[in-house]
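Subject: Structure handover

Hi,

Here is the structure I said I would pass on. Please have a look before reading my notes.

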Amino acid sequence: MRLISRERQALGRIDGFARQDTAIHRLDARAKVLATAVFLVCVVSFPKHAVLPLLPFVFFPVVIASLGRLPVRWLGQRLLIASPFALMVGIANPLFDQAAVPIAPGLSIAAGWLSFLSIVLRFLLTTAAALLLVATTGMPAIAEALRQLRVPGVFVTQLQLLYRYLFLLGDEAQRMERARDLRSCGRRGTGLWVGGTLLGALLLRTLARATRIHDAMLLRGFEGTIRPASPRALTRRDLVFLLGWSTAFLICRQVPVGELLGHAVIGAQP
Amino acid sequence: MAMHIAEGFLPFPWAAFWWLVSLPFLLVGLRSLARITREHPELKLLLGLAGAFTFVLSALKIPSVTGSCSHPTGTGLGAILFGPSVMTVLGGIVLLFQAVLLAHGGLTTLGANMVSMAVVGPLVAWWIFRSLLPTGRTRLAVFAAAALADLATYVVTAVQLALAFPAAEGGFGASLAKFGAIYAVTQVPLAITEGLLTVLVWNWLQAYGKPELKTLQLIHQEN
């Protein structure tokens, strides 16, 4: 049994990306949260066999990743790790849905293949958008944006506390894992039995740590709520980002932009 | 491997539907959480850490009998320790973090994943644990609660997928059989493993964490 080293590193890495200083990072978190929400709704609202109309949406993650100076390799790895679900569940579609759909004169394809491609494309687009939002904004800023967008305070406070403790607990778990490995030389003591007791110990350490942190926060004047930073008004740049992208997404949702571009390139009329 | 429904996977009407189904449970959980933290402010941090622990638990890789690696949902242990309504909120936040930090699950499918993992799972665990507790066989109650909560989570997930993607021939039933078969291979052994793991954690808590368990009782009473 292996504790959470890889996920802890992934969290640390994404937190590091969020501290960069680029034009995208400097935008207000509310603008990025809302633009991403419009993107997600538009992408998932297409019919189940849509493939071509989804292609223009690729532009958004590509632009955000390049302007936000985020490594494509990191994004690709995260998507690859998460992709088995989409592949595993979607791969059966071609077997279950074999109705022929014409895609070109004299050429047809099983509808199941189209729905499979559509599922994979949607998964890649929406997952990339969510990862990029956090990597260019950071979870504390997103939580603050949610508070300003009238999400209940008790939820936002728990969100903030939970995120803070993730790193604390991750480090604690890594220390325990290292101690276990040093004692077992990587051979014994890695089974379910030791893992279960380690988890019990981790929970007790967690509770003890919560008490110590609470005491320390009380001594520093904590009154029960994490004080929000004073909200600033959205700048013109934030509004251009939000309205510009939202309008583009809605146009791409309503107009077959990919098809029109295709016809323009090959010179035929739609 | 995480088995939450992936981002962008559900058609929009179904994604919206499951969001709507999850909202009342989330609101009840939030009200419960607000009451607990108002009356016992010191529990606010503890709950934050409890959520972080659930996240850590869900990031834990455990070997599956099928040869693959999977992770516990943590809903069984969470519901036993913190109660079902608090677990709905904590589970929701954990799912949110998994979606945006680890790309497990997703934002559009968060409602559906919440219903299966943060609503049905904890409710099943809580009900089984409370029903079996009077028999005096606490370890059996913990095992059954954790294992069946895990299974219930994935039965609901299979139903959600079958409803969204009925087979062209055979409709909902054929599709449910397909998704059920996919999950049965990985999740039945995993549910048993999670049940055993939860019993081990419970044994440790009983042996070394009596005072901490009393603190957790406080959350129960307020739940």
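Below are my notes on the interface and the cavities.

First, a caution: this is a predicted model.

Interface. Chain A puts 65 residues in contact with 67 residues of chain B. About 6300 Å² is buried between the two chains, and carbon and sulfur atoms give 83% of that area. Polar contact comes to one residue pair, both at pLDDT 80 or more. On the side of chain A that touches chain B, the elements giving two or more residues are α1 (5–18), α3 (29–44), α5 (72–90), α6 (93–96), α7 (111–137), α9 (153–184) and α10 (192–219). α10(A) gives the most, with 18 residues. By class, that side of chain A has 44 nonpolar, 15 polar and six charged residues.

Cavities. The count is five of 30 Å³ or more. α3, α4 (59–67) and α7 of chain A each supply at least two lining residues. α7(A) has the largest share, four residues. The lining divides into seven nonpolar, two polar and one charged.

The second largest cavity holds about 60 Å³ of space. Residues from both chains line this cavity, among them Phe46(A), Lys48(A) and Arg122(A), along with Phe9(B), Pro11(B) and Phe165(B). By class, the lining has seven nonpolar, two polar and two charged residues.

Best wishes

Technical notes. Residues are numbered from 1 along each chain as its sequence is written. Chains are lettered from A and ligands numbered from 1 in the order in which they are written. This is a predicted model: local features need pLDDT of at least 70, side-chain atom pairs count only at pLDDT 80 or more; totals for chains, interfaces and linings use all residues. Side-chain values use heavy atoms; hydrogens and water are left out. Contact means heavy atoms within 4.5 Å. Buried area is the accessible area (1.4 Å probe) that two parts lose on being put together, summed over both. A polar contact is a pair of N or O atoms within 3.5 Å; within protein, one must be able to donate a hydrogen and the other to accept it, and residues adjacent in sequence count only if both atoms are side-chain atoms. Ala, Val, Leu, Ile, Met, Phe, Trp, Tyr, Cys and Pro count as nonpolar, Asp, Glu, Lys and Arg as charged, and the others, Gly among them, as polar. On a 1 Å grid over the protein atoms alone, a cavity is a set of points where a 1.4 Å probe fits but cannot get out, and a pocket is an open set with protein on both sides within 12 Å along at least five of seven lines; lining residues have an atom within 4 Å of a point. Grid points are joined across faces, edges and corners, and a volume is the space filled by probe spheres set on the points.
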